[in-house]
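Here are my notes on this model. Please read them with the structure open.

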Amino acid sequence: MNMLLTDEQMVLQKDFKDFVEKEVFPIADMQDHKECLEEHIVEKLADKGYLGAVISSSYGGKEWDPIVSGIMHEEFGRASTGLRSLFTVHEMVAIAIQRWGSEEQKEKWLPKMAKGEVIGAFALTEPEVGSDAKSIQTVAVHKENHFVINGQKKWITMGQIADIFLVFAKYDDKPTAFIVEGNRAGFTRKLIKGMLGFRASMGAELFFQDCEVPEENMVGKCGTGLTHVALSCLDHGRYTVACGCVGLGQACLEESTNYARKRKQFGERLINNQLIKKMITEMAVQVKAARQLCYYAGCLKMQKHSDSINETWVAKYFASTMLDKICSDTVQIHGANGCNQASRVERLFRDAKINSIIEGSSQMHELLIATNTAMTTRRTKFKPKTEEK
Ligand SMILES: Cc1cc2nc3c(=O)[nH]c(=O)nc-3n(C[C@H](O)[C@H](O)[C@H](O)COP(=O)(O)OP(=O)(O)OC[C@H]3O[C@@H](n4cnc5c(N)ncnc54)[C@H](O)[C@@H]3O)c2cc1C
């Protein structure tokens, strides 16, 4: 397997880097303080075609391969996790429609999503239901030619600005996915402020009170909401979060080395201190390892390999857990300066924690990876070199 980027992938990587340096770094802290996305940034992303990253070219998207889409998340994750999360949820909805939607749904939504005229958000979590998604309490009842949805969703990234929501509700007691337009009667949203991290991700709580959606808004079939639709979305979501963590880790490494090169204590630059060197070494190695796990998962996705889901769990688990230590060490290297809002490091530290909760918490990953490993790993039988006499 070739783990090096192709020329074409490197050209796109440079394009993402340049855009992020020019358009995202200058506004990232401000977005975090204001707890919202900067005006016009979504238009700029749309102009570049970035919102159509995973959408097929037949619907006007870029149809980038998983490695390129991962690199995009890495580069944006380096600067702004809040903004990067827009790509995750928008792409999750696009993937659901592209893979499981009807031809009418594809034609209606994908070209607009590719152009950024319609923003999608993913609505699974509820106030009382997080990891145990099959227990969702939102219900959909079939009446004549429409469904009536009642329930509540919480912590929905981009919920404040999204135009359509992929909503999971129980229809006939079976988890089922529906597209709900943001302007439907019976649908309201309330912004959520004061999150630890991802503060620019425009989170919202959603309320459905006798919200009527036409029959044709069901995505997939009754009962396939979690087993098929959410499965594809969450697999992509996890992959993008893992790649975003690599970017965030890279940012920590850059901040730490810059600071340690400048800061002097006891007449010496911090970078010359062996204990600081150890922290930087660990950071550099962990970030590289996480990046390789992401590339590996991306390569398997390109091949539509059956191991790709498991390797995405591994990449997401490793990348999000390594970040906890890396970001903590980054603040450590910055001392008091890293504990203040004036430092970017403080934001990186807060953002890092969220990654081990979203798209399946670390504990859920531990259960999944262990179960899969137990099923697929067998001890090789010991064969003696010489036959017993
Ligand atoms: C910033 C942010 C953005 C988000 N965006 C979205 C979004 O766009 N759409 C959406 O649908 N949701 C979103 N979420 C919700 C997210 O998906 C959930 O937080 C996540 O699924 C975990 O659910 P929970 O927070 O309810 O924790 P719970 O499921 O209540 O778990 C609490 C703790 O218990 C652990 N735990 C639970 N069950 C087990 C078990 N069986 N064994 C061991 N440990 C267990 C968990 O790992 C966790 O540590 C977002 C959350 C955040 C913080």
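This is a predicted model: local features need pLDDT of at least 70, side-chain atom pairs count only at pLDDT 80 or more; totals for chains, interfaces and linings use all residues.

1. Domains. The protein chain splits into three parts: domain 1 (7-119), domain 2 (121-222) and domain 3 (226-375). Between domain 1 and domain 2, the centres lie 22 Å apart, taken over C-alpha atoms. Their contact involves 24 residues from domain 1 and 21 residues from domain 2.

2. The domain 1 side of that contact. Two or more residues each come from α1 (7-34), α4 (81-100) and α5 (103-115). Of the elements, α4 gives the most, with 11 residues. By class, this side of domain 1 holds 13 nonpolar, 8 polar and 3 charged residues.

3. Ligand shell, by domain. Which domains each supply at least three residues of the shell around the ligand? They are domain 2 (121-222) and domain 3 (226-375).

4. Ligand shell, by element. At least two shell residues come from each of β1 (120-123), β3 (146-156) and α10 (362-376).

5. Ligand shell, by residue. There are 20 residues around the ligand. Those that come nearest are Thr125, Gly130, Ser131, Ser361 and Gln363. Start with these five when you inspect the site.

6. Ligand shell, by class. The shell has 12 nonpolar and 8 polar residues. No charged residue is part of the shell around the ligand.

Key: Residues are numbered from 1 along each chain as its sequence is written. A residue is near a molecule or strand if its C-beta atom, placed from the backbone, lies within 6 Å of it. Helices (H or I, at least four residues) and strands (E, at least two) are DSSP runs, numbered from the N terminus. Ala, Val, Leu, Ile, Met, Phe, Trp, Tyr, Cys and Pro count as nonpolar, Asp, Glu, Lys and Arg as charged, and the others, Gly among them, as polar. Domain bounds come from an automatic or database domain assignment. Two residues are in contact if their C-beta atoms, placed from the backbone, lie within 7 Å.
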